[in-house]
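Let's take a friendly walk through a protein model together. Have a look at the sequence and the structure first, and then read on.

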Amino acid sequence: MEELKLSIHDEAIGLDYVLAGDYYIPAIGLPEDDDRPIGKWGRMHRAYLEETNPLLLNHLILTGKLHNYLADLDEQAQDRYRLIIRQMAAEGVTEDLKRRSQWEWVKAMNSIVNRAEESIKRELIYT
């Protein structure tokens with residue numbers, strides 16, 4: 001009887017296999033740990049992918065790129081969100097308004113935050 005090799009390489013699909021008992025098991029390693037958080041925007045985009053594009057989601061999971069993809073998207077969305085809020089707030093929501101009428105300032109800031117969130121959802125999350 002022929003002795004089995006400890007590892008083999010399948011040229012057709014580019015995978016290495018290791019011998020475990022009488023079976024060859026794919027030698028697949030886990031991707032490097034990424035400590036960056038996925039955050040609110042990343043979780044929203046993942047839920048969107050689950051509903052609308054499960055093939056892309058499965059591909060990202062199987063290739064080990066999902067976490068990096070979602071963390072990058074979350075960072076982009078956070079940066080864009082802060083920029084939009086800063087630009088909109090510069091149009092008239094000032095510290096003077098905050099001193100004069102806190103209620104008006106809160107209403108204006110809530111409006112700005114809601115518009116910024118909708119803009120991020122439309123531009124980055126639901127695409």
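## About the model

This is a predicted model, in which local features need pLDDT of at least 70 and side-chain atom pairs count only at pLDDT 80 or more, while totals for chains, interfaces and linings use all residues. Residues are numbered from 1 along each chain as its sequence is written, and side-chain values use heavy atoms, with hydrogens and water left out.

## The overall fold

The protein chain has five helices and three strands. Helices (H or I, at least four residues) and strands (E, at least two) are DSSP runs, numbered from the N terminus. In sequence order the pattern is β-β-β-α-α-α-α-α. The protein chain is more spread out than a compact globule, because its radius of gyration is 24 Å, well over the 14 Å that the globule rule gives for 127 residues. That radius is taken over C-alpha atoms, and the globule rule is 2.2 Å times the number of residues to the power 0.38. Along the principal axes, the C-alpha trace spans about 90 × 25 × 20 Å.

## Surface, charge and contacts

How many of the 127 residues count as buried? The share is 24%, where buried means under 20% relative accessible area, exposed means over 50%, and partly exposed is in between (1.4 Å probe, protein chains only). The protein chain exposes about 9600 Å², and carbon and sulfur atoms supply 54% of that area. These areas come from the Shrake-Rupley method with a 1.4 Å probe; for residues, only the protein chains shown count as cover.

There are 16 positive and 23 negative side chains, and the centres of the two sets lie 15 Å apart. Lys and Arg count as positive and Asp and Glu as negative, while His and the chain ends are not counted. The place of a charge is NZ of Lys, CZ of Arg, CG of Asp or CD of Glu. Contact means heavy atoms within 4.5 Å. Among contacts between residues at least 6 apart in sequence, 56% join residues at least 24 apart.

Helix α3 (66-89) has 24 residues and reaches 34 Å from its first C-alpha to its last, close to the 34 Å expected at 1.5 Å a residue. The expected span is 1.5 Å times one less than the number of residues. Buried residues of α3 include L66, L70, L73, A77, Y81 and I84. Which helices do the buried residues of α3 pack against? They pack against α1, α2 and α5.

Helix α5 (residues 102-125) also has 24 residues, and it reaches 32 Å, close to the 34 Å expected. Its buried residues include M109, I112, A116, I120 and I125, and the buried residues of α5 pack against α1 (39-52) and α3.

I38 is found in the loop between β3 (23-26) and α1. With a relative accessible area of 24%, I38 is partly exposed. Leaving out residues up to four places away in sequence, I38 touches R43, H67, L70 and D74. The C-alpha atoms of I38 and D74 are 36 residues apart along the chain and separated by 6.1 Å.

H59 sits in helix α2 (residues 54-63) and is partly exposed at 45%. The C-alpha atoms of H59 and E95, 36 residues apart along the chain, are separated by 49 Å.

Is T127 buried or exposed? T127 counts as exposed, at 57% relative accessibility. T127 lies in the segment after α5 and, leaving aside neighbours within four places in sequence, is in contact with H45, Y48 and R122.
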